[in-house]
Amino acid sequence: MRSRILGTGAYLPERVLTNFDLEKMVDTSNEWIIERTGIHERRIADQAEVTSDLAHEASVKALEMAGLEPHDIDLIVLATVSGDMPLPSTACILQDKLGAKRAAAFDINAACSGFIYALSVADAFIRSGTYRNILVVGAEILSRFTDWKDRTTCVLLGDGAGAVVLSPSDNDSGVISVRLYADGSLWDLLHIPAGGSKLPASEQTLRERMHYIKMRGNETFKVAVRTLQSLVEETLKDNGIKPSELSLLIPHQANRRIITATAERLGIPLDRVMLNLQKYGNTSAASIPIALDEALREGRIKQGDYILLEAFGGGLTWGSALIRW
Ligand code: UT7
């Protein structure tokens, strides 16, 4: 039995931070950011908003499209690296905000690949017959973990949330295959040094700005390009699908150059690639469900279409999901 996506939803905070705003904050330029990343602007959560609020807004829309009520949900799997607090999980807080009283709930941390990891867990629960309706969410407020003095990271990141409702399929549509990978030996390419058991919060960690995201961007970029090209190639080959049969590639929105390199290598024209990072920047685990929701609501996905989701991020982690709509 396959699982299929019954509904999608997304939420982006109202406040827009443009590249021109960033020019006033750090030594950067609109031209540099566009040329190296493709990003024009990103959204920043209001001080009063927390990650579960963004997740809640996106989930309500996904439930509405699915035609389900919160009490229909059996499980909530929420991918984030910027949850409301270290304990409890943000999924539990979301469960309460939704009033999804029957649902079990837990978080997944696989950084930018978090949504693919969460989707794979939900898919396995549905295939095994354990649960029927699962809410899969990617939600981030990365702006609270961003060093606004570090031009190498602060121009990249944004806040947002996306959600899907996954349920059993009664035909051949649905999640065809999910692939997950990790290479923990490269954990330090992208990490937050302090706030865990290794370096608990202290005056020193605060002073040294160690609670913020650190990334060795260029090294990460090179691994990402290499890894994603073979990941997408293998996923299609193993499932007997030609690149020309793919209706839409929905990549994690980290960098336009990474995305176009993958598409070019496979001969997938850019009009069959979902790109919205120009508006939202890199929203980590939220980027794929936001892009999926946007593509669906714009009418870019039709019944029977093959779509491919792919992501790469901290951990390092990477993964793909091939779906027949
Ligand atoms: O989300 C999943 C994981 N993340 C990724 O996949 C992101 C991967 N990395 C990237 O997207 C790119 O590496 C970046 C956009 C972060 C950087 O682009 P790059 O082409 O790799 O540039 P670079 O890091 O090699 O830096 C080139 C130059 C450096 O100056 P020098 O040493 O050549 O004088 C940087 O200091 O650009 C400088 N630079 C900047 N200049 C203006 C770095 N950040 C900025 C900035 N504005 N914001």
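Domain bounds here come from an automatic or database domain assignment. On that basis the protein splits into domain 1 (3-170) and domain 2 (176-324). This is a predicted model, in which local features need pLDDT of at least 70 and side-chain atom pairs count only at pLDDT 80 or more, while totals for chains, interfaces and linings use all residues. Residues are numbered from 1 along each chain as its sequence is written, and side-chain values use heavy atoms, with hydrogens and water left out.

**The two domains**

Colour the two ranges separately. Their centres, taken over C-alpha atoms, are 14 Å apart. Domain 1 puts 51 residues into the contact and domain 2 puts in 47, where contact means heavy atoms within 4.5 Å. The area buried between domain 1 and domain 2 is about 3,700 Å², 65% of it from carbon and sulfur atoms; buried area is the accessible area (1.4 Å probe) that two parts lose on being put together, summed over both.

Next select Cys112, Ile116 and Tyr117. These supply 18% of the area that domain 1 buries against domain 2, more than any other three residues.

Show Asp147 and Arg209. They form a salt bridge, with the closest N and O atoms 2.8 Å apart. A salt bridge is a side-chain nitrogen of Lys or Arg within 4 Å of a carboxyl oxygen of Asp or Glu. The rule finds one salt bridge across the interface of domain 1 and domain 2.

**Cysteines**

Select Cys112 again, now with Cys154. The structure holds zero disulfides, a disulfide being a pair of cysteine sulfur atoms within 2.5 Å. The sulfur of Cys154 has its closest cysteine sulfur in Cys112, 16 Å away, too far for a bond. Cys112 is buried at 9% relative accessibility, and Cys154 is buried at 0%. Buried means under 20% relative accessible area, exposed over 50%, partly exposed in between (1.4 Å probe, protein chains only).

**Backbone stops**

Go to Ala111, in the loop between β5 (104-108) and α5. Helices (H or I, at least four residues) and strands (E, at least two) are DSSP runs, numbered from the N terminus. Ala111 has a positive phi of about 50° although it is not a glycine, and its relative accessible area is 12%, which is buried.

Ser284, in the loop between α10 (277-280) and α11 (287-297), also has a positive phi, near 50°. Ser284 is buried at 4%.

Finish with two cis peptide bonds. One joins Leu87 and Pro88, with omega about 0°; Pro88 is in the loop between β4 (75-79) and α4 (90-98). The other runs from Gly315 to Leu316, with omega near -15°, and Leu316 lies in the loop between β12 (306-313) and β13 (317-324).
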